[in-house]
Amino acid sequence: MRTKIIIISAITLVVVAMSVWMGQIAYSWLPPQASAEAVLIDNLFSLLTAIGTFIFLGVTGAIIYNIIVHRAGRYDTSDGPPIEGNIKLEIIWTAIPLVLVFIIATLSYQTYDKMDLHGPTEIAHLPHMMPSAYADTGLSSEATTNIEVDSKQWAWVFHYPDKNVTSTELHLPVDQRVHLTMRSQDVIHGFYIPAFRVKQDIIPPKTVDFEFTPIKIGRYRLRDSQYSGTYFAAMQTDVVVENSEDYDRWLNQAKRQKPTPAPNQAASEYAQREQKDAIAIWDTVVPAPSPMVNYHP
Amino acid sequence: MTTLSNPQKITKETPPKWRKYFSFSLDHKVIGIQYLVTSFFFFLLAGIFAMIMRGELITPEPDLLDRTVYNALFTMHGTIMLFGWTFPVLTGLSNYLVPLMIGAKDMAFPRLNAAAFWMIPVVGILLAISFLVPGGPSQSGWWAYPPVSLQNPTGNLINGQFLWLLAVALSGVSSIMGAVNFVTTIVRMRAPGMTWFKTPAFVWTVLAAQLIQLYGLPALTAGAVMLLCDLTFGTAFFDPVQGGNPVLYQHFFWFYSHPAVYVIILPAFGIFSEIFPVYARKPLFGYRVVAVSSVVITGLSGIVWVHHMFASGTPGWMRMLFMATTMLISVPTGIKVFAWVATIWGGKLRLDTPMLFALGGLVNFVFAGITGIMLASTPIDIHVNNTYFVVGHFHYVLYGSMVFATYAAIYHWFPKMTGKMYYEGLGKLHFYLSFIGTALNFLPMHPVGLMGMPRRVASYDPEFTFWNVLASIGGFILGISVIPFLLNMVSSWISGKPAGNNPWRAIGLEWLVASPPEEENFEETPIVISEPYGYGKKEPLTQNMG
Ligand code: HEM
Ligand SMILES: [Cu+2]
Ligand SMILES: [Cu+2]
């Protein structure tokens with residue numbers, strides 16, 4: 001009995017250690033943490049990975065143990081012990097998932113509340129219970145940058161109303177909360193920046209508000225996340241997070257430029273397609289004309 | 001013995017065995033096998049589409065297929081896998097097994113049963129025709145979200161999307177007919193003495209799953225009909241240009257299509273519950289709780305659908321509400337997993353092919369459940385929603401668990417269905433290829449999704465190449481894995497060793513009759529006197545048989 005307890009405790013310790021370790025590794029599976037929201041989400045993900053690893057190792061460990069130890073011999077046709085149930089055990093393992101789920105749901109709620117994404121608020125708004133993400137970082141929780149996002153098949157266009165600048169590349173000042181007003185001209189598009197961990201569908205004909213705070217200077221990728229037709233995969237662009245001087249410089253420079261048609265992958269692929277007569281090509285919606293913008297890469 | 005002298009006799013003679021499978025038979029066993037074989041044909045077809053897609057995804061550029069073709073392929077892959085494979089194959093298994101397991105001579109409505117089956121080939125024909133109409137098949141994904149699904153670049157009245165909607169609606173009608181039949185059969189036709197807590201766990205799960213079909217399918221069908229009206233007759237339920245609301249469609253769609261995942265996984269749970277006791281030679285641990293938790297899942301599954309719309313037009317309070325209900329489902333599910341592990345615990349394990357598939361399916365399901373909880377957590381879902389992480393998650397459920405359970409069931413009941421034994425070596429080869437292929441194909445989808453690769457893309461950024469190459473190799477292994485399976489089934493059926501009535505020494509009414517069973521199943525209606533799964537106990541199952 002004594003040795004059995006020691007062995008079980010040792011195994012449990014190893015499994016706990018491995019779970020904690022996986023929880024730490026989990027951060028490395030994710031893109032750079034380029035927004036205040038990303039930090040919150042990653043912490044939650046790390047915790048769930050640790051819990052998940054523990055459960056997975058526990059269950060598969062039990063199965064493998066039995067496969068090794070309790071195989072029937074070749075000519076053994078006897079039965080196992082006819083144990084049909086155990087009320088105490090069954091109550092315990094109903095309680096364990098209940099408690100776990102309660103904890104995970106509470107933490108998820110707190111994380112979501114702190115993110116304060118805005119997003120669609122029709123019908124009713126969730127009252128705020130937690131200080132938002134910016135309380136911890138010392139950043140202002142008031143959005144200072146307002147940008148209009150225009151999506152269409154298949155291009156992103158960003159409009160900076162203060163300076164009346166348009167661009168197909170999204171520039172953002174670091175450490176400032178941004179407020180996006182997003183619209184779609186045709187179908188549902190999904191605004192998604194993996195490095196920021198934020199995503200929001202843009203549903204026509206509504207205007208969708210969205211907020212987040214970039215915290216790391218760099219160049220990231222904005223992708224369409226909601227399937228939007230033929231050239232969906234090509235509906236991508238860059239997001240440039242820079243310090244306020246660089247940001248202002250870029251904005252002023254762009255303002256001086258005359259609008260020109262931006263290069264557009266959907267449009268150019270479509271043009272080529274009209275020329276080649278391959279066999280298996282089916283009809284497609286014609287891409288919207290290349291957007292006219294002050295700035296494009 | 002000349003046949004000429006007795007022409008009357010000739011017409012009465014039963015047709016050659018194989019021919020009955022091509023007839024409008026009313027025998028639930030024939031219909032069951034018709035479903036199984038037809039659905040397997042769809043499985044192979046949709047699998048070929050999947051391998052072509054994985055071929056495209058070996059490199060980042062869209063170089064193998066035109067984007068329109070890729071989009072049509074993933075649309076048809078998903079559609080055919082769900083409406084041509086998962087539902088029909090499980091209906092087929094249930095059709096074959098339920099009457100035998102409950103001691104009935106047939107389903108409650110044999111004619112309805114046959115009619116429901118014969119709609120499935122029609123669904124297949126409709127989808128096949130859609131490849132031939134100008135403009136090609138639907139390219140809007142198996143969700144068919146408007147406004148994308150309302151865009152009709154061909155301008156034709158008969159187009160791929162139109163045929164797709166007809167096919168889905170027809171498949172829904174067929175499933176509703178099936179559900180009425182199953183529910184009636186299970187509620188009304190159990191043998192004398194078979195109280196609810198003497199009914200096998202598989203039958204419980206079929207009942208739970210079919211109840212979902214009854215309450216869920218009307219919503220899907222209504223959504224499909226409204227979309228068809230928008231597409232074809234200019235109504236504006238969902239078209240934003242004319243004042244419609246595209247999110248409304250998402251509610252109709254997921255109100256059915258989330259519960260549908262339990263229509264798929266519940267019978268798989270039932271199969272696990274049948275197989276573990278036989279190959280561990282122990283009673284199903286906590287049988288009553290396992291049985292009742294199926295019905296609890298049916299109830300909860302109706303109030304979680306918005307977790308598919310966390311990043312859609314869903315306000316915060318609704319996101320939080322549905323996060324909570326979704327997470328609750330893991331409680332009855334967890335109970336089942338624990339019960340299976342306890343059933344195996346300390347048993348006399350025999351690792352025949354059905355047991356291998358059941359164990360592999362259980363391990364895969366545990367993995368899928370863990371990523372499922374992550375998806376249920378709204379903040380995490382906001383990052384990984386519509387990325388390959390989700391694709392990895394549901395393929396672990398659908399391939400790793402449901403397909404594995406289906407294979408387990410086919411191997412386990414093959415001797416009963418055909419009277420022949422399958423070849424164990426080929427079966428094991430099939431299992432190992434499937435298990436390795438599943439891991440290699442679907443595991444890499446999780447990291448690449450976390451990195452931010454969206455689903456449904458024909459091309460991707462070069463940073464995602466490594467994981468995609470691995471996944472494609474896994475996909476091809478899965479393609480190869482069906483070869484030993486097909487070889488095994490065909491050759492064993494023709495020339496396998498006779499199996500006897502109960503080669504596994506299993507307990508259950510279906511094992512008390514001949515293999516294959518006579519037309520009317522039971523010469524004498526069995527009278528059930530004990531709970532199922534009496535392994536290790538010496539009590540008989542019935543009073544008058546075996
Ligand atoms: C039981 C069998 C299950 C099946 C057959 C299944 C199947 C699926 C499918 C097909 C999707 C993808 C929908 C899409 O196309 O985006 C999905 C997503 C999802 N699943 Fe499961 N699932 C199962 C279990 C679970 C469990 C146990 C949970 C959580 C407790 C869960 C939570 C989710 C969530 C939250 C999503 C939405 C993810 C998203 O769209 O971002 N699933 N599942
Ligand atoms: Cu888009
Ligand atoms: Cu769901």
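In chain A, helix α2 passes helix α3 in a left-handed crossing, a crossing being left-handed if the near helix is turned anticlockwise from the far one by less than a right angle, and right-handed if clockwise. Helix α2 (residues 36–69) and helix α3 (residues 87–115) of chain A pack at an angle of about 170 degrees, with their axes 9 Å apart; axes here are lines fitted to C-alpha atoms, for helices over the stretch in contact, and angles run from 0 to 180 degrees between N-to-C directions. α2(A) and α3(A) are therefore roughly antiparallel to each other, given that angles over 145 degrees count as roughly antiparallel, under 35 as roughly parallel, 65 to 115 as roughly perpendicular and the rest as oblique. Helices (H or I, at least four residues) and strands (E, at least two) are DSSP runs, numbered from the N terminus.

The model is a predicted one, in which local features need pLDDT of at least 70 and side-chain atom pairs count only at pLDDT 80 or more, whereas totals for chains, interfaces and linings use all residues. Residues are numbered from 1 along each chain as its sequence is written, chains are lettered from A and ligands numbered from 1 in the order in which they are written, and side-chain values use heavy atoms, with hydrogens and water left out.

Two helix pairs of chain B were also examined. Helix α3 (residues 67–102) and helix α5 (residues 160–188) of chain B pack at about 15 degrees, their axes being 11 Å apart, and α3(B) and α5(B) are therefore roughly parallel to each other; the crossing in which α3(B) passes α5(B) is left-handed. For α8(B) and helix α11 (residues 330–344) of chain B, the packing angle is about 15 degrees and the axes are 9 Å apart, which makes α8(B) roughly parallel to α11(B). The crossing of α8(B) and α11(B) is left-handed.

B:H393 belongs to helix α14 (residues 388–418) of chain B, and α14(B) gives the most to the shell around ligand 1, with five residues. At least two residues of this shell come from each of α8 (259–280), α12 (353–376) and α14 of chain B. Of the 20 residues around ligand 1, B:W143, B:D381, B:N385, B:H393 and B:R455 come nearest, a residue being counted as near if one of its heavy atoms lies within 4 Å. By class, the shell comprises 12 nonpolar, six polar and two charged residues, where Ala, Val, Leu, Ile, Met, Phe, Trp, Tyr, Cys and Pro count as nonpolar, Asp, Glu, Lys and Arg as charged, and the others, Gly among them, as polar.

Oxygen atoms of ligand 1 lie 2.5 Å from a polar side-chain atom of B:R455, 2.8 Å from one of B:N385 and 3.0 Å from a side-chain N or O atom of B:W143.

B:H258 lies in the loop between α7 (246–257) and α8 of chain B and B:H307 in the loop between α9 (287–301) and α10 (316–328), so the pair ties together parts that are 49 residues apart in sequence. The copper ion and the iron atom of ligand 1 are 4.9 Å apart.

Most residues other than glycine have a negative phi, and most peptide bonds are trans. A:D175, although not a glycine, has a positive phi of about 60 degrees and is found in the loop between β4 (170–173) and β5 (178–184) of chain A.

Note on methods. Polar contact = N/O pair within 3.5 Å; in protein donor to acceptor, adjacent residues only side chain to side chain. Donors = N, O, S within 2.8 Å, 3.2 Å for Na, K, Ca; no water.
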